[in-house]
Amino acid sequence: MSPKSRLYTLVKAWKNKPFQEVRDACGAPWLGISSQALEEHQSWSKRQVISHEPIFNCRGTKLTSSLFRPLLAATDMQFLRLFMEGLDAISYWHRSGRFIPGILPVPTHIIASSEYVDAMSDLILNSRLPVGLVAIGLPSIPDSSLVNSHKEGLQRMRRLGALIHFLNFSGSVDQMQWIEEMQMEGIHIDMSQLRKETLPINALSQIRRSTYSSTQIYASNIALVKDIENAAEWQIDHCYGGLMMPPLSRHQTLQINDSRIAKAIFSLHPHQHPNQNGDKQ
């Protein structure tokens with residue numbers, strides 16, 4: 001079976017868009033996909049795996065994006081296949097008339113690899129998605145030995161229109177410097193840090209400075225009613241976690257618009273913030 005025919009089955013869901021053969025970091029045909037692997041892939045897709053964690057605005061009234069969770073634990077050999085699955089979900093939503101940005105976690109060493117970045121670039125280009133629908137989620141800052149190649153990888157992703165998010169913000173000086181230098185569009189904070197008061201007091205206020213004025217703050221691991229109240233108090237932009245809504249399949253994600261739990265909590269405990277004129281909204 002030729003490489004073209006092997007890939008044909010894999011990309012049928014993309015409505016026969018042109019697709020280039022993607023190669024892994026070793027230069028071998030893309031993940032060495034066999035006919036058995038293709039059959040397993042089709043079965044996996046049909047099962048509509050619960051993989052997409054919906055993200056809402058703080059009040060829970062609007063779905064703002066989705067985090068593709070399988071990439072958080074992907075091995076190097078799984079990465080490109082799962083990255084394409086994430087892009088395919090974003091494309092599926094877009095073809096269905098929903099503008100739902102997807103956050104695709106990418107390990108630090110993969111962004112620093114030119115071979116992987118080449119493959120990711122091919123996948124993003126072939127997806128033909130509008131600018132702003134694909135976000136790269138970074139779990140950590142790079143080691144000193146990877147800084148230059150990591151920057152180059154991020155710049156290439158940004159030139160393709162991908163947004164850059166930092167997923168595990170703890171408020172350290174090194175993280176603040178890296179976020180400022182790379183001008184990231186999103187920062188994700190685990191709400192357990194606010195519960196345990198392990199996040200530096202001035203971290204969020206620093207992010208709100210003019211340098212970070214375009215950076216959106218995401219609160220993850222929303223598990224308690226108090227977490228939603230704290231997120232509102234800290235004026236966090238987006239929230240996600242079990243209390244907002246558990247992970248869904250890509251089709252289920254297409255059907256939702258809001259977090260009813262968060263809306264109910266706000267209706268019981270309204271939080272009003274003054275606008276620039278001093279009036280309550």
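In helix α5, Ser114, Val117, Asp118, Met120, Ser121 and Ile124 meet Gly153, Arg156 and Met157 of α6, where contact means heavy atoms within 4.5 Å. This is a predicted model, so to speak: local features need pLDDT of at least 70, side-chain atom pairs count only at pLDDT 80 or more, and totals for chains, interfaces and linings use all residues. Residues are numbered from 1 along each chain as its sequence is written, and side-chain values use heavy atoms, with hydrogens and water left out.

Here are the two helix pairs, with helices taken as DSSP runs (H or I, at least four residues) numbered from the N terminus.

| Pair | Axis distance | Angle |
|---|---|---|
| α5 (residues 114–127) and α6 | 10 Å | about 10 degrees |
| α6 (residues 147–159) and α7 (residues 173–182) | within 12 Å | roughly 40 degrees |

Axes are lines fitted to C-alpha atoms over the stretch in contact, and angles between N-to-C directions run from 0 to 180 degrees. That angle makes α5 roughly parallel to α6, while α6 and α7 are therefore oblique to each other; angles under 35 degrees count as roughly parallel, over 145 as roughly antiparallel, 65 to 115 as roughly perpendicular, and the rest as oblique.

On the α7 side, Val147, His150, Lys151, Leu154 and Arg158 of α6 touch Trp178, Glu181 and Met182 of α7. By class, that contact has 4 nonpolar, 1 polar and 3 charged residues. Nonpolar covers Ala, Val, Leu, Ile, Met, Phe, Trp, Tyr, Cys and Pro; charged covers Asp, Glu, Lys and Arg; the others, Gly among them, are polar.
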